[in-house]
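Reader: I've never looked at this one before. Could you walk me through it?

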Amino acid sequence: MRIRNITIRKAVQSLNNQQAELGGFWLPNIQRPFVWSEEQITRLFDSIMREYPVSTLLIWSTKDNVKHRKFIDNYHSEIRLTDFHLPDNRNTKMMVLDGQQRLQGFFIGLVGSYEKKELYFNILSGAEAVAPEDVRFKFEFLKTASWPWIKFKDLVLSQQLPEDLVDELKSQVPNGENFSDDMRRVVTRNIGRIQREFCQKDNITFQELDGIENNSIYNIDDVVEIFIRANSGGTKLSKSDLLFSLLTSNWDEADGAIESLIEDLNQRRFNFNRDFVLKACLTMLHKGARYEVGKFRDGKTKEEIIEKWDELAGAIKAIRDFLASKTYIRSDKAMPSYQALIPLIYFRFHFPEKFSKNRDILDYLLRVLATGVFSGSPDTLIDKIVRKIQDSKDFVVRDIYDVIRESGRSLEITPDVILEQYYGSSSESKMIHLFFNLWYRDFDYSPSSEGMSPQIDHIFPQSLLKKVKDVNPESGKKNVLRYPANQRDQIANCMLLTAEENGANGKGAVPPDIWFDRSRFESDEEHQKYLEMHLIPNKPKLWQIENYDQFIKERKKLIEKKFSSMLLKRK
């Protein structure tokens with residue numbers, strides 16, 4: 001192993017470049033996808049300008065016929081890694097084992113774009129001191145910009161002398177603005193810093209595993225093991241990423257096959273991911289739900305997944321289809337835990353005929369999702385349920401419920417389970433959407449456009465409720481909110497509206513006495529139907545802000561009645 005040092009500009013020019021020294025930098029397919037946000041990239045550039053060090057990279061030089069891909073130049077959220085895969089070759093090349101996110105960030109910022117936006121730098125920033133955690137040198141991804149925002153790649157890749165570059169930038173100052181001496185000093189200082197940190201100093205350090213001269217030490221199997229050990233000690237890679245790296249080292253089509261499956265699964269606006277797919281595969285093959293790298297080192301697990309991939313993928317898709325066709329859970333918004341699906345996938349994989357005849361699966365799914373049974377770390381629970389299915393060779397819901405209760409998890413759906421749902425954080429929103437999916441069965445949760453999805457809205461607008469205040473006993477002033485966030489955001493004050501209803505000129509902050517007024521509807525029948533759909537007490541007096549507490553009380557009764565026959569029965 002040897003240590004090499006190069007400039008950032010040279011490193012970027014070596015990406016995807018077979019003509020560069022040692023054949024340029026590339027990504028082995030064992031690497032996970034690029035995951036950095038715009039902010040992470042801009043903070044990386046701020047760090048370089050502040051002369052913060054870049055962590056050492058880990059590189060494997062090889063001529064082996066290794067599955068690899070190019071770095072992404074123009075990143076967008078719908079990108080497919082398979083589009084960047086390259087043909088196998090025995091050319092000299094440097095594979096990046098650790099440091100992908102940083103190099104990819106540099107490449108996008110200095111060569112490409114992020115969601116069709118290029119990296120710009122505020123050439124007048126950086127003069128003022130800031131706290132260590134704050135941004136000092138201002139970078140942003142923009143489609144267009146004007147002074148003092150300058151496209152950063154033009155500054156780093158420029159061949160001009162610093163003084164000539166400063167004069168060119170001066171010419172970009174709009175007419176009427178003075179290019180003062182202070183401005184010139186800041187611009188000159190920044191140009192000098194850019195050329196020093198990106199073009200002159202060897203800020204990129206990498207450890208090279210020489211697989212060309214030492215192929216017996218650094219072959220593909222050794223490198224995968226090094227890759228896992230280098231990444232398993234921190235949070236750079238999830239355990240599923242590590243398992244995936246072992247899988248792809250033996251299965252040429254692994255990346256494409258799993259990516260294709262996930263794309264298929266998510267066509268209906270679900271959010272299945274690679275972690276879920278690998279955990280489901282391990283469970284189906286009786287390997288246990290817990291991620292353990294050792295499971296993939298035995299060789300047998302990889303071979304089984306490759307051999308049985310079509311059947312494994314088919315079982316996962318069958319459960320997605322079950323969700324879409326047999327339940328009212330029609331999008332990721334209403335799926336608080338995908339882990340609840342894994343016992344069903346196991347059952348479908350091993351007992352497909354019994355799965356198709358089982359009428360209790362729907363009750364199981366709705367109950368465990370509504371009560372949060374699979375929250376936290378459910379691997380042990382999944383394994384216990386799987387053993388019960390294996391022993392009985394069936395999915396006997398009463399037995400499954402016994403296993404869950406014996407594990408100390410509650411299955412009881414009391415009125416409070418429903419009424420104590422709130423619209424707020426992502427996890428809270430998933431639970432409230434779950435109940436709304438069961439409640440509003442006629443809403444389209446899979447519209448052609450994401451912007452047309454149903455939207456949760458407050459019946460009594462937050463702005464209206466925030467105006468209601470009580471006297472502060474300490475000061476005597478009327479400045480204490482009567483209705484804090486948990487009372488404003490409770491499910492009893494929420495309703496589901498179409499995107500059109502809640503869009504421009506829609507519900508917005510319209511109070512309920514206006515929104516539910518009979519005059520907005522063509523007939524009494526239409527009016528009554530609308531109130532019943534939203535479980536609104538048909539007592540116009542309760543739609544007044546002064547009667548909010550009574551409205552909530554009456555609506556809770558209607559909500560309890562709505563769910564009594566569906567979920568509150570005890571099994």
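Reader: Which strand pairs with strand E3 in the parallel sense over 5 bridges?

Author: Before that, a word on the model: it is predicted, so local features need pLDDT of at least 70, side-chain atom pairs count only at pLDDT 80 or more, and totals for chains, interfaces and linings use all residues. Residues are numbered from 1 along each chain as its sequence is written, and side-chain values use heavy atoms, with hydrogens and water left out. Strands (E, at least two residues) and helices (H or I, at least four) are DSSP runs numbered from the N terminus, and two strands pair if DSSP finds at least two bridges between them. Strand E3 covers residues 57-62, and its parallel partner over 5 bridges, at residues 204-210, is strand E11.

Reader: What is the bridge partner of Trp60 in E11?

Author: Look across from Trp60 into strand E11. The partner there is Leu209.

Reader: Which strands are the edge strands of the open sheet?

Author: The open sheet has 6 strands with mixed pairing, in the order E1-E11-E3-E6-E2-E4. An edge strand here pairs on one side only. That picks out strand E1 (2-6) and strand E4 (68-69).

Reader: How many residues of helix H3 are buried?

Author: Buried means under 20% relative accessible area, exposed means over 50%, and partly exposed is in between (1.4 Å probe, protein chains only). The buried residues of H3 include Gln100, Arg102, Phe106 and Leu110. Helix H3 (residues 100-110) is largely enclosed by the rest of the structure, because the buried count is 11 of the 11.

Reader: Which strands pair with E8 in the antiparallel sense?

Author: Strand E8 (residues 118-122) is mostly covered, with 4 of its 5 residues buried. On strand E9 (residues 139-142), 4 bridges join it to E8, and Leu119 stands opposite Phe141. Strand E10 (residues 149-151) pairs with E8 over 3 bridges, and Tyr120 has Lys151 as its bridge partner there.

Reader: Which residues does a cis peptide bond join?

Author: Most peptide bonds are trans. Look in the loop between E9 and E10, where Pro148 is found. With omega about 10°, the cis bond joins Trp147 and Pro148.

Reader: Is Lys116 buried or exposed?

Author: Lys116 is found in the loop between strand E7 (113-114) and E8. Its phi is positive, about 65°, although it is not a glycine. With a relative accessible area of 71%, Lys116 is exposed.

Reader: What is the relative accessible area of His286?

Author: His286 lies in the loop between helix H10 (274-284) and helix H11 (293-297). Phi of His286 is near 60°, a positive value in a residue other than glycine. His286 counts as partly exposed, because its relative accessible area is 42%.

Reader: How far apart in space are Asn214 and Thr62, C-alpha to C-alpha?

Author: Asn214 lies in the loop between E11 and helix H7 (220-231), and it is partly exposed at 29%. Asn214 and Thr62 are 152 residues apart in sequence. In space, their C-alpha to C-alpha distance is 9.3 Å.

Reader: Why does Glu303 count as exposed?

Author: Glu303 sits in helix H12. Glu303 counts as exposed because its relative accessibility is 55%.
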